[in-house]
Amino acid sequence: MREALTGDLHSLQQRERAVLSNRRFLVLWLAQLFSQIAQNAILFTLLVVVLTKTNSTTDTSILVLSYVVPSLLFGMVAGVLVDRWRKRDILIATNAFRSFAAIAFLLSKDHVELIFAVNVAFSAVGQFFATAEVATVPSLVPKSQLIAANSLVSLAWTSAQFGGMVFFAP
């Protein structure tokens, strides 16, 4: 049994290496990794900024809600629209918007209400990015590599949470 598990793991590692040699997948995966790291670093930094400015846990809770609620509201809508639009265009547009939102965060650092508003937009647009990214993966890799590709996407998402909040934000 142990040899079977070791063999399956080795096989998955080989498929992951093969997936990463796919240039189109690699570009998407790196875009996901870097944008998710930035997103998590921004969220952590905003928590610190809001708490420092207001000294209010209620305001930090509002910040978290302004990030979470758009996920609930736009998640299904994003799925429907992403299926109808070109995914590549969505990925480019959402990353461009989130770059501008990052600049807006810097400009609104003295106005907590503006931070909340930008955060709502940032989170809503992030739903479209995440949905388009996941929906794009099957069109970039052969079916035999789909499990490995999805594993790498999941790894990048989890690593970006950790990296963004632990290494880059502080």
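## Contacts and overall architecture

Among the contacts in the protein with a separation of 6 or more, 81% are accounted for by residues 24 or more positions apart. This value, like the others in this report, is computed from a predicted model. The protein has 6 helices and 0 strands, and reading along the sequence gives the pattern α-α-α-α-α-α.

The C-alpha atoms of the protein fill a box of roughly 55 × 40 × 25 Å when the box is taken along the principal axes. Of the 170 residues, 36% count as buried. The accessible surface comes to about 10,200 Å², and carbon and sulfur atoms contribute 68% of that accessible surface.

## Charges and salt bridges

Side chains of opposite charge can pair when their charged atoms come close. A search of the whole structure finds 2 salt bridges.

One of the salt bridges joins K53 and D110, whose closest N and O atoms are 3.2 Å apart. Because K53 belongs to helix α2 (residues 23-54), while D110 sits in the loop between α4 (87-107) and α5 (112-140), the pair ties together parts of the protein that are 57 residues apart in sequence. The relative accessibility of K53 is 46%, so K53 counts as partly exposed, given that this class spans the range between the 20% limit for buried and the 50% limit for exposed residues.

A salt bridge is also formed by the side chains of R86 and D89, with an N to O distance of 3.4 Å. R86 has a relative accessibility of 53% and therefore counts as exposed, whereas D89, with a relative accessible area of 38%, is partly exposed.

## A nonpolar patch on the surface

The residues L65, V69, L73, F74 and V77 form a nonpolar patch on the surface of the protein, and together they present about 410 Å² of accessible area. With a relative accessibility of 56%, L73 counts as exposed, because the class of exposed residues begins over 50% relative accessible area.

Key
Residues numbered from 1 in each chain as written. Predicted model: local features only at pLDDT ≥ 70, side-chain atom pairs only at ≥ 80, totals over all residues. Heavy atoms only, no water. Patch = residues over 30% accessible without salt bridge, like charges linked within 9 Å, V, L, I, M, F, W, Y side chains within 5 Å. Areas by Shrake-Rupley, 256 points an atom, 1.4 Å probe, with all protein chains shown as cover. Salt bridge = Lys/Arg side-chain N within 4 Å of Asp/Glu carboxyl O. Buried < 20%, exposed > 50% of the residue type's maximum accessible area, 1.4 Å probe, protein only. Helix = DSSP H or I, 4+ residues; strand = E, 2+ residues; numbered from the N terminus. Contact = heavy atoms within 4.5 Å.
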